[in-house]
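Thank you for coming, everyone. I would like to walk you through one structure this morning, taking it from the whole chain down to single residues.

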Amino acid sequence: VDNQKELKSAMDNMRRVRVQLSSKLDMQSQPLRQGIFDLLQKLRSIKGADPITSNLPSENISMGIGSKRIAGTGRTAGILLKKQQKQ
């Protein structure tokens, strides 16, 4: 099986991803844009040694992050109330 085209395409895509994630420098080696890894490192130093959350709703609720929801005030509360009244 000759997969030279796929391999070349994958290598080219990896190069593009690396360029997008890395910092961009101007002609005098001054940073124009920070890379994603630099930004993540800066976030970690600001927040301390805590790991960066994955922003899953279950994790946010367990950590007490986000809005507090009051029972019976959601988007479908009216529908549920009508169904309960019919029964």
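The accessible surface of the protein chain comes to about 8600 Å², and 58% of that surface belongs to carbon and sulfur atoms. Please keep in mind from the start that what you are looking at is a predicted model, and that buried residues make up 2% of the 87 residues in the protein chain.

Let me turn to the layout.

How far does the confidence go? The mean pLDDT of the protein chain is 78, with 86% of its residues reaching 70 or more. Among the elements, confidence is highest in α1, at a mean of 90, and lowest in α2, at 71.

Which of them gives the most to the nonpolar patch? That is α2, with 5 residues, and I would remind you that α2 is also where the confidence in the protein chain is lowest, at a mean of 71.

In general, side chains of opposite charge can pair when their charged atoms come close. How many salt bridges does the model have? The count comes to 2, and Asp12, Arg15 and Arg16 are linked by them in a network. In one of these pairs, Asp12 forms a salt bridge with Arg15, and the closest N and O atoms are 2.9 Å apart. These two residues are separated by about one helical turn, because they are 3 residues apart in helix α1. In the other pair, Arg16 forms a salt bridge with Asp12, with the closest N and O atoms 3.3 Å apart, and here the two residues, both in helix α1, are 4 residues apart, again about one turn of the helix. As for how open these side chains are, Asp12 is partly exposed, with a relative accessible area of 28%, while Arg15, at 43% relative accessibility, counts as partly exposed, and Arg16, at 48%, counts as partly exposed too.

Finally, let us move to helix α3, which spans residues 57-63 and holds Asn60. Is Asn60 buried or exposed? Asn60 is buried, because its relative accessible area is 12%, and buried means under 20%. If we leave aside residues up to four places away in sequence, Asn60 touches Asn55 and Ile65.

Technical notes:
Residues numbered from 1 in each chain as written. Predicted model: local features only at pLDDT ≥ 70, side-chain atom pairs only at ≥ 80, totals over all residues. Heavy atoms only, no water. Salt bridge = Lys/Arg side-chain N within 4 Å of Asp/Glu carboxyl O. Buried < 20%, exposed > 50% of the residue type's maximum accessible area, 1.4 Å probe, protein only. Areas by Shrake-Rupley, 256 points an atom, 1.4 Å probe, with all protein chains shown as cover. Contact = heavy atoms within 4.5 Å. pLDDT = per-residue confidence, 0-100.
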